[in-house]
Amino acid sequence: MRIVLLGPPGAGKGTQGELLVKKYKIPHVSTGDILRAAIKEETELGQKAKVYVERGELVPDGLVVGIVKERLAREDAASGFLLDGFPRTPAQAEALDASLREMGMQLTAVINVDVDTEILLERLTGRRVCRDCGATYHIKFNPPTVRCVCDKCGGELYQREDDAAETVRQRLEVYRKQTEPLIAYYKEQNILYTVDGSQEIEQVFADIIEFLQ
Ligand code: AP5
Ligand code: MG
Ligand code: ZN
């Protein structure tokens, strides 16, 4: 299974990704998670990426493509992977196609998680993430049992810096301009499936699984 999750900020890529990798036992490759970890650890990559991520802009293609290529070349990705938040520009999509071709691989499917803008705003501003294990919650739609505490590991929940309202607006605009064209790109390749991402988490997951089977 080689899956790409496409969709605007807050569509539920991370949420569905977590469920899908558990089911198919494949690595979850989220460029957003990789970049946030690098920023936290203040690595060279993190230092370069920080300004872009904080402003809600895309990190330059060259940086991201390199990370993903390296990640997909690792042994655990040989029998499958789930890409979350990559590709995000036509140049990234072409680079992905080229490196898969080199490795003799093909994408199984691109899942486009479709959600209206008003819902996205509410999802992003109410999102809380575990500082320790990265688990994602929502104060209204998917609350932890104890306020501000992770159900899975007891870690502290925090709000992502780029979930501030102004940055969210910028991210949505960047998505429309730079990433949305990929829907047509993958439609043309006949591997695109659009799922109604405004449904409940379990229903979105059920629809995706039904398509993949
Ligand atoms: P990234 O981390 O990828 O952020 P994003 O694409 O903006 O997406 P999000 O993670 O915000 O949303 P999601 O779709 O994962 O939703 P989630 O499941 O959390 O990227 C961050 C930044 O890194 C970018 O801005 C850029 O700077 C940089 N970057 C990353 N990749 C890059 C690339 N390839 N090229 C260049 N730069 C790159 O859900 C959201 C909330 O809704 C949660 O609270 C969740 O609990 C809730 N929720 C989920 N599903 C449902 C549902 N069905 N019903 C109700 N609530 C739900
Ligand atoms: Mg995410
Ligand atoms: Zn946790």
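For the first stop you need one cut-off: a residue is near a molecule if one of its heavy atoms lies within 4 Å of it. Keep in mind that you're looking at a predicted model.

Select ligand 1 and the residues around it. There are 36 of them, and Thr15, Glu57, Arg88, Arg127 and Arg171 come nearest. Color that shell by residue type and you'll get 13 nonpolar, 13 polar and 10 charged residues.

Now show the helices and strands. α1 (13-24), α2 (31-40), α6 (117-125) and β6 each supply at least two residues of the shell. The largest share, four residues, comes from α2.

Next, zoom in on a few contacts. On threonine 15, a polar side-chain atom lies 2.6 Å from an oxygen atom of ligand 1. Click on tyrosine 137: here a backbone N or O atom sits 2.8 Å from an oxygen atom of the ligand. Then pick glutamine 199, where a polar backbone atom is 2.8 Å from a nitrogen atom of ligand 1. How much of ligand 1 does the protein bury? Taken alone the ligand exposes 1000 Å², and 96% of that is buried by the protein.

Last stop: ligand 3, the zinc ion. Select Cys130, Cys133, Cys150 and Cys153, whose SG atoms coordinate the zinc ion at 2.3 to 2.4 Å. The site is tetrahedral, with angles of 98 to 116 degrees among the four donor atoms. Cysteine 133 is in the loop between β5 (127-130) and β6 (136-138), and cysteine 153 in the loop between β6 and β7 (157-158), so this pair ties together parts 20 residues apart in sequence.

Notes:
Residues numbered from 1 in each chain as written. Chains lettered and ligands numbered in written order. Predicted model: local features only at pLDDT ≥ 70, side-chain atom pairs only at ≥ 80, totals over all residues. Heavy atoms only, no water. Donors = N, O, S within 2.8 Å, 3.2 Å for Na, K, Ca; no water. Tetrahedral: all angles 85-135°; square planar, octahedral: opposite > 155°, others 65-115°. Polar contact = N/O pair within 3.5 Å; in protein donor to acceptor, adjacent residues only side chain to side chain. Areas by Shrake-Rupley, 256 points an atom, 1.4 Å probe, with all protein chains shown as cover. Nonpolar A, V, L, I, M, F, W, Y, C, P; charged D, E, K, R; others polar.
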